[in-house]
Amino acid sequence: MPDAETTPEAAVRRPDGVTPRAAEVLPLSADRLADIIDFLPDATMVVDRAGTVIAWNRAMEDLTGCPAGDMIGRGGRAYAVPFYGERRPMLVDVALGDRDAEALYPELQRDGDTVMADVVHRQADDSVAYQWAKARPLRDAGGAVVGAIETVRDVTDQRRAEQALRDREARYRLLAENQRDVVLALAPDGVLTYCSPAMREFGGYEPDEVVGTSATDYMVTDEDRRGVADSIARVVVTQKPASVEFLFRPKHGDPFPAEATGNPIVEAGRVVSIQSVLRDVTERRQAEEKVRDLAKFPAENPGPVLRIARGGAVRYANEAGRRLLDGLGGGPDSPAPPAWRDEVGRAFADAQVRRTEVRHGDRTYALRFVPVDGADYANVYGEDTTERKRLEHELRRLAMIAEQAAEGIAWADLDGNLQFVNDAWARMHGYASGAELVGRRLSIFHTDEQMRKDVLPFNEGVKHRGQNTGEIGHKRKDGTAFPTQMIVALLKDERGEPYGLAAIAQDITERKRTDRALADQKAALERSNAELQEFAYVASHDLQEPLRMVASYVQLLEKRYADALDDDAREFIGYAVDGARRMQALINDLLTYSRVGTRAKPFAAVEAKTLLTDALSNLEVAVRETGAEVTHGPLPRVVGDAAQLTRVFQNLIGNALKFCDGAPRVHVSAERDGGAWRFAVRDNGIGIDPDRRDRIFVIFQRLHRREAYPGTGMGLAITRKIVERHGGRVWVKAASGGGSIFSFTIPDRKEPADDPPNPDTIADADAGQAGRDPAGGRQPRRHPAHAGGPARG
Ligand code: ADP
């Protein structure tokens, strides 16, 4: 679009147009001027006093894409169009003194009458172009302004690089300020330009005092200083990272081994700075020294030690090394496995130690390939890491278990900040996952009240004993409370210093509920049992008095009016007296039964022989009347309630005498049975129907009619209750050759220690009755009609 006033072809070459004026500006020929301007590496334009373009060089054509022919001779600020897409003032206008133009460049810089500015253009494709523009007025010999020259340099790449550098710097700084290792920046000459705050802890120096000093100021030996200087030089020359180890000199205290790594920051093909990380390698050194010590005696080294030539031949292998090689299908003088050859090659290429791992059978070895400077081989040091691997594996397994356990598992540091929470714990507390809880505090799982009542006292226990178990109230995310069974243990490091807490929690809401239900049930049962027992006792006790009255008055009637009564009346009176007596016997037995648990005496040691003698003396009449023969074997000493045990013998022997159709032969014996004595009472009586053996131990259960054999059906029930109170059991078997054997056990006890509880809940209102029959035992009761002898058939 040629302007009306000028012709595009008004190049500097036109002698009658622009050229004469250019010649005025510079005392040079127009051609010469054009050449020089064209030659300038920066995009350059020249305008005259009126703002008409009189020069537009090649670099400008390249930058703008606008040929000189289209621009030369044009005024009206057409030069701005390739830059801004519109006519507007540019820096040349500022140089020519245009005040309005100046307002467009707020960051304008001046140097004499040169003006400079950063310019940002948003380009058609929305990308941003950065330019650095510089303009200056041109003056004639008299100093009058005759035009202006402007150069524009594209600095987009440079700005981008700077921005990237700034970002990276910010990033590094963030890292640098937050780690234990010291981060340093060095100029290529080794002067420190940055030092992270970790230096205070690391070496006792303030970062400020380090900046400006030389990296080589912190070594102890000249050799180390040279090593560091060489290493810096190597980074600068090779532009590759390098590391160097040396003895670091802290501000106070003993020097210690340290390692510094250097990373080159390259700009425009030159190393402008070195980023360095400085770390304490005391521990690593010690470990390596150990390996090195061992390496001096490779034959004695329990780990594999080998020497492998660059070409791959194995030059040396100690015992463990040979085993490893054999296992991998190689041997001395044969080439090393290909993977090892690669490692050797790479170790030499990088001039660095290479580490790798190899499995052989069930063992794992960590191998270090150390290239030997100036030699054609690498030394290989192996370490058996099986155990370490196993531990790592175990740890991972434990972590997995913790992760997936059904119990809630969590651990926290000593301040209560959660470091691990499994999903079960999270779910129990109403959170979605364990991961979201890491970093929160343990206290979020308790209400203030739970904290005060449960957690603080519980934690005292953890503090004092190292661990504690108990029930603790917890809180869900929604604020609801629930009970847990907690185990909390203090975690200690290898020196025994506590560093955290591990907690296992189980939600026991359900268990609590069933516990409560069970306790309720038990209480209800105990209540009804006590009521029943009291009822049985009161009933039988209260019945005795009226019964005695009935019996005695009926007997009185018989005595006084015997003559006035006829046979029928006497017979009826006989039945009445008999009924009253039987009822008395029943009530007596019931009372005895109900007292087995409640009127018990404390256990004491007693000779079974004594018990038997007492029982027989109570049975004296029956023994005499039946002509029975009662014998016994050796009898032990037992611990129990003597009165009750006498009753057991009395009931069993009494039955033996009663349920016998001939002359009773009874034998009592005792035998060891594990931790108990087993007693047996054997008779030659009528025997017992095997199908009904169990029934006879139940109250009021009898196998015969009262007319055949008298009794209440209570004797064996009382016997069983007594034996069970002593922790034994009772049973019956058929004796060979007819008759029965009743057996019962009495467990051994320490005398007179473990006394069973004696819940004497019912007051003894019947002392007189008990006094009359101290053993509470029964005489075999006789039917009044057969009072002269044992009842038969
Ligand atoms: P009672 O002797 O008052 O009938 P027990 O409870 O002592 O009550 O005995 C219950 C039943 O067991 C007896 O009625 C009898 O049928 C049977 N019995 C008990 N001891 C013997 C025995 N030594 N021989 C045969 N039967 C027996």
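**Figure 1. Helix 17 and the glycine that follows it.** Gly 466, with a positive phi near 90 degrees, follows helix 17. Helices (DSSP runs of H or I, at least four residues) and strands (runs of E, at least two) are numbered from the N terminus. The model is predicted: local features require pLDDT of at least 70 and side-chain atom pairs pLDDT 80 or more, whereas totals for chains, interfaces and linings use all residues. Residues are numbered from 1 along each chain as its sequence is written, and side-chain values use heavy atoms, with hydrogens and water left out. Helix 17 comprises 18 residues (448–465), and at 1.5 Å a residue it should span 26 Å; the expected span is 1.5 Å times one less than the number of residues. The C-alpha atoms at its ends are 25 Å apart, which agrees with that expectation.

**Figure 2. The bend and the buried residues of helix 17.** At Val 455 the helix bends by about 35 degrees, and Pro 457 follows within four residues. The bend at a residue is the angle between axes fitted to the seven residues ending there and the seven starting there. Gln 450, Val 455, Phe 458, Gly 461 and Val 462 of helix 17 are buried, where buried denotes under 20% relative accessible area, exposed over 50%, and partly exposed the range in between (1.4 Å probe, protein chains only). An α-helix has 3.6 residues a turn, so residues three or four places apart point the same way. The cover over the buried residues of helix 17 includes strand 19 (467–475), strand 20 (481–492) and strand 21 (498–507).

Figure 3. Asn 379 belongs to strand 16, which runs over residues 377–384. With a relative accessible area of 12%, Asn 379 is buried. Its side chain makes a polar contact of 3.4 Å with that of Tyr 381. A polar contact is a pair of N or O atoms within 3.5 Å; within protein, one must be able to donate a hydrogen and the other to accept it, and residues adjacent in sequence count only if both atoms are side-chain atoms. Apart from neighbours within four places in sequence, the residues in contact (heavy atoms within 4.5 Å) with Asn 379 are Leu 306, Arg 307, Arg 368, Phe 369, Val 370 and Val 372.

**Figure 4. Edge-to-face aromatic pairs.** The structure contains 15 aromatic pairs. Rings of Phe, Tyr and Trp (its six-membered ring) pair if their centres lie within 6.5 Å, and planes under 30 degrees apart count as stacked, over 60 as edge-to-face and the rest as tilted. Tyr 205 and Tyr 218 form an edge-to-face pair, because their ring centres are 5.1 Å apart and their planes lie at 85 degrees. This pair links distant parts of the chain, 13 residues apart: Tyr 205 is in the loop between helix 9 (198–203) and helix 10 (207–210), and Tyr 218 is in the loop between helix 10 and helix 11 (222–238). Tyr 205 and Tyr 218 are both buried. Trp 425 and Phe 445 form an edge-to-face pair, with 5.4 Å from centre to centre and 70 degrees between the planes. Trp 425 is in helix 16 (residues 423–428) and Phe 445 in the loop between helix 16 and helix 17, so this pair ties together parts 20 residues apart in sequence. Trp 425 is buried at 1% relative accessibility, and Phe 445 is buried at 0% relative accessible area.

Figure 5. One aromatic cluster is formed by Phe 202, Tyr 205, Tyr 218, Phe 248 and Phe 256. Met 199, in helix 9, is buried with a relative accessible area of 1%. Beyond its neighbours within four places in sequence, Met 199 is in contact with Val 182, Gly 204, Tyr 205, Val 210, Phe 248 and Leu 278. The C-alpha atoms of Met 199 and Arg 279 are separated by 10.0 Å, and these residues are 80 apart along the chain.

**Figure 6. Asp 113 and its contact with Arg 139.** Asp 113 occupies the loop between strand 3 (109–111) and strand 4 (114–122). At 30% relative accessibility, Asp 113 is partly exposed. The side chains of Asp 113 and Arg 139 are joined by a polar contact of 3.2 Å. Outside the four places on either side in sequence, Asp 113 is in contact with Ala 135, Arg 136, Pro 137 and Arg 139.
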